[in-house]
Amino acid sequence: MAEEEGPTVELRQRRKLKSSENKESAKEEKIHDTLMPERAPKHVLFQRFAKIFIGCLAAVTSGMMYALYLSAYHERKFWFSNRQELEREITFQGDSAIYYSYYKDMLKAPSFERGVYELTHNNKTVSLKTINAVQQMSLYPELIASVLYQATGSNEIIEPVYFYIGIVFGLQGIYVTALFVTSWLMSGTWLAGMLTVAWFIINRVDTTRIEYSIPLRENWALPYFACQIAALTGYLKSNLNTYGERFCYLLMSASTYTFMMMWEYSHYLLFLQAISLFLLDSFSLEQSEKVHEVYKIYIFSLFLGYLLQFENSALLVSPLLSLVVALMLAKCLQLNVKKGTFIAKIMKVINFYLVCTLTVTLNIIMKMFVPHKENGHMLKFLEVKFGLNMTKNFTMNWLLCQESLQTPSQDFFLRLTQSSLLPFYVLVLIICFLSMMQVIFRINGKSLKETITLEDGRIGGRPEIIYHVIHTILLGSLAMVIEGLKYLWTPYVCMLAAFGVCSPELWMTLFKWLRLRTVHPVLLALILSMAVPTIIGLSLWKEFFPRLMTELMELQEFYDPDTVELMTWIKRQAPVAAVFAGSPQLMGAIKLCTGWMVTSLPLYNDDDLLKRNENIYQIYSKRSAEDIYKILTSYKANYLIVEDAICNEVGTMRGCRVKDLLDIANGHVVCEEGDKLTYSKYGRFCHEVKINYSPYVNYFTRVYWNRSYFVYKINTVISFQS
């Protein structure tokens, strides 16, 4: 029996060996098929090429047309080409004037190196203060614009102001193109991109601030962030080939770093993006390696930005760095556990808790050991904003009164509803969110298919969709609290809504839930993905296109003769070494139009400048001439400018006028008694100084006035009158 069993065992071993060899050969064939896919027929390749070519052409054309539209609208609004240089410069209001003034300074510098040195050691802007303007105000856009203007020989072709605003308008075109591409990548049709652009332009009052303030940092930075979003969307797609993946990775790396250099608050926005990717990694393990590659981009951009931004400590103590380092450490400590098991779910919860704890701990440690300027005023503002604290501080209450820092008004939601954007966004978001939750909390705990087909009706299973749903919810939550953040959220509302109505997968997901049987669901989904956006587009064209054309045809005029007269008088009559004091907004215009030194600037990221602004605003309070004189001379001011618009302000919001806020801060108003004025032996300074009686004439001499401005020379007084 033993001799008979020998051949049988040998035969079994041979069969087992043969079967294993068959499996290995099959695996090799599968890998070979993956690496070397079957070549598609020529007509299919031609269709793909035509689709991509038309889509790219539409994307680029949309961006160019939007940039040209902005240029034409700006010309019509300000009648820009027919203005003198001084009148053009006055159109730059507030902090925009400061940014453009440094661009002018760079062009006047004898060399680029000398210009950069003067900006980094600037003592000709704010009295008694030397600042690194490049670091404090993120002037990298102005440095780049000045280099391009001189290097390309544009100084012989175009005026500096046209070159400057032309770059910003061009970036806005790139912004729109990036949103177009993102929606196209998500939906698979460039029709979604066209609808995204249409919604963006129609709702531009809520999607961008380019019309009101061209040089804002966000207008320079957000186009790069949109490019980063487009690259990240392509990178997260499951069916992306190797070359496409590399291209998306490189584009994402370049745009992330550029975005971080252009805007000082960029790392906070990237922090929200990192949270979205962390949640994506927790919900969809298939893209874990890609997500961690994005984390490496964050770390590289942060440290490179730290070095090139004059060792900017704000980047080292940013929550983004703490979160990314915590995620890296958590990955190293992560155990390999079989997916779908109870232990795996417990490990996910532990990993989530570990990341949150490590992030907070690392951030506290970094702030303890890294010297940095704490944004105390921002923390206090948030405390007051959310009702955690009460204050009579002028700066805090003034910030709370700013329209951009209040909760969104009903008009905002009404405008989005009238353009049909908000209803479709809510519909798309609900379907994608429910589908995402269905995928996350699947009962069997099995891994999803790598390739999701249209028939599956599971749009929430795609990693890029999960990311965008989480990201838009985070941005939307912030926009519901602070209206100024709507400019970050609304553009992606346009993109997500357009993607949804143009995506057959979204309609198929809905039909699968409804269990539609009368009509073939795939066919109906394909029809609706074409018909619905077409109907929306036609209705938008009929209702809003005539309005856009009317805006371009109307010739508006920016007329501010009083400010022009004031600037002309300063340039002709004031000494070169004079220092002017007044409201921060006016000081920005004086710095740009005349180049004279000022006592304050319209910037709100520096505690010292905020304190200066509050002190200078005391000229509109009920304080004595001696107090005002001491404040102004402490900043070496030679001239004081009183604005009639602030002194006699009639505010639409109760308690938000500058003089009201000053009375509250100085104890001249008791809020608990219904804003009842308490006794003050001094009248309001801006009123009293106009009357020209003692003791005001002993300290201040009026040297110029018009309908809007009163200029006083600050006298040299040896002894103060009691």
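Two strands pair if DSSP finds at least two bridges between them. In this predicted model, strand 1 (residues 579-581) and strand 3 meet that criterion, pairing in the parallel sense over two bridges. Within this pairing, Phe580 has Tyr639 of strand 3 as its bridge partner. Strand 3 also pairs with strand 7 (residues 709-714), here running antiparallel and joined by five bridges; Leu640 stands opposite Tyr712 of strand 7.

Turning to the cysteines, a search of the whole structure finds two disulfides. One joins Cys401 to Cys656, with an S to S distance of 2.0 Å. The torsion about this S-S bond is about -80 degrees, so the disulfide is left-handed. Because Cys401 lies in helix 19 (residues 394-401) and Cys656 in the loop between helix 30 (644-647) and helix 31 (658-665), the pair ties together parts that are 255 residues apart in sequence. Cys401 and Cys656 are buried.

The other bond, between Cys647 and Cys686, likewise has an S to S distance of 2.0 Å. Its torsion is about 80 degrees, so this disulfide is right-handed. Cys647 in helix 30 and Cys686 in helix 32 (residues 685-688) are 39 residues apart, and both are buried. With the bonded cysteines numbered in sequence order, the pairing reads 1-3, 2-4.

Terms used:
Residues are numbered from 1 along each chain as its sequence is written. This is a predicted model: local features need pLDDT of at least 70, side-chain atom pairs count only at pLDDT 80 or more; totals for chains, interfaces and linings use all residues. Side-chain values use heavy atoms; hydrogens and water are left out. Helices (H or I, at least four residues) and strands (E, at least two) are DSSP runs, numbered from the N terminus. A disulfide is a pair of cysteine sulfur atoms within 2.5 Å. Buried means under 20% relative accessible area, exposed over 50%, partly exposed in between (1.4 Å probe, protein chains only).
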